[in-house]
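Dear colleague,

Please have it open while you read.

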Amino acid sequence: MTLEAYFSSSSSVWDSIEWVFGIEDCGYAGWEISADGNYRLDRPDNMVRIRDVLESTGLGVTVHAPYADLNLASLNYPIYRESIRQICQCITHAADLTDRVTIHPGYMSPAGKLVPETVWRYQKEALAEIGACAADTGVLVCLENMIAIREFLCREPGELFGMTDGIEGIGVTLDIGHANTVGAVDAFLQDLSRVDHMHLHDNHGIHDEHLPLGDGTIDWPDVGRRVKEQYSGICVVEGRNLTEGAHSLAAFTRWFV
């Protein structure tokens, strides 16, 4: 199986773009753009800066769609429609850069907890609409498993795979760090044939700490062995800074290559 290591840092979305050159200097093959802050793809000036960096490097690209204040399962219809609109807008712009976009599922608001069946149905209907946009633009949109906050949808393998199954244009991003917070790393790794994209970071099994690989409780030798036997594609290290990114890349090289 062929694996490529990319780097992403959602904590850097308000930073000047010069930091991105360090991704290649660290030895990563690509950059997953967190499309928020100074990196929203719907702003022409941002796209100019992003293209200039990409033309000056050999970095490949994937995109993580914005998620701040969005909810693809909202019962507030204007918020629901705006969330879908922003995701589809991101997909359309991302199609000029990549064929892979990760999105977050929605979550249950206090009102949503009263009608959970409706919340799950809204999420499924949102994915159908987003998937149609993705298929039209030649992009695979990958829904990501979430952390151990009970309001989030798609924390467990059955929820994630069940939500995405059979929807054109929709795939799965497996986040190993998120899976660790719900004690589901092993469960997710048992169905890697259904995984289209991957995020890597470490934690101690409780909070979403985004630590370098090897600094938490995840059994990376086991994860790396199973991933490289069953998965082929991009593994995005999600880090807080490039110093920690270099630490994670050394660990990735040891356990995944």
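This is a predicted model: local features need pLDDT of at least 70, side-chain atom pairs count only at pLDDT 80 or more; totals for chains, interfaces and linings use all residues.

Residues are numbered from 1 along each chain as its sequence is written, and side-chain values use heavy atoms, with hydrogens and water left out.

The whole structure holds ten aromatic pairs (rings of Phe, Tyr and Trp, the last by its six-membered ring, with centres within 6.5 Å; planes under 30 degrees apart are stacked, over 60 edge-to-face and the rest tilted). One of them joins Trp 31 and Tyr 39 edge-to-face, at 5.9 Å centre to centre and 90 degrees between the planes. Trp 31 is buried at 1% relative accessible area, and Tyr 39 is buried at 3% (buried means under 20%, exposed over 50% and partly exposed in between, with a 1.4 Å probe and protein chains only). Ring pairs also link these two with Phe 7, Trp 19 and Tyr 28 in a cluster.

Tyr 77 and Tyr 80 form a tilted pair, because their ring centres are 6.3 Å apart and their planes lie at 40 degrees. Tyr 77 is exposed at 52% relative accessibility, whereas Tyr 80 is buried at 5%.

The largest pocket has a volume of about 530 Å³ (a pocket is an open set of points on a 1 Å grid over the protein atoms alone, where a 1.4 Å probe fits, with protein on both sides within 12 Å along at least five of seven lines; lining residues have an atom within 4 Å of a point; the volume is the space filled by probe spheres set on the points, which are joined across faces, edges and corners). Of its 33 lining residues, Ser 10, His 64, Tyr 67, Ala 68 and His 104 are the closest to the centre.

With regards
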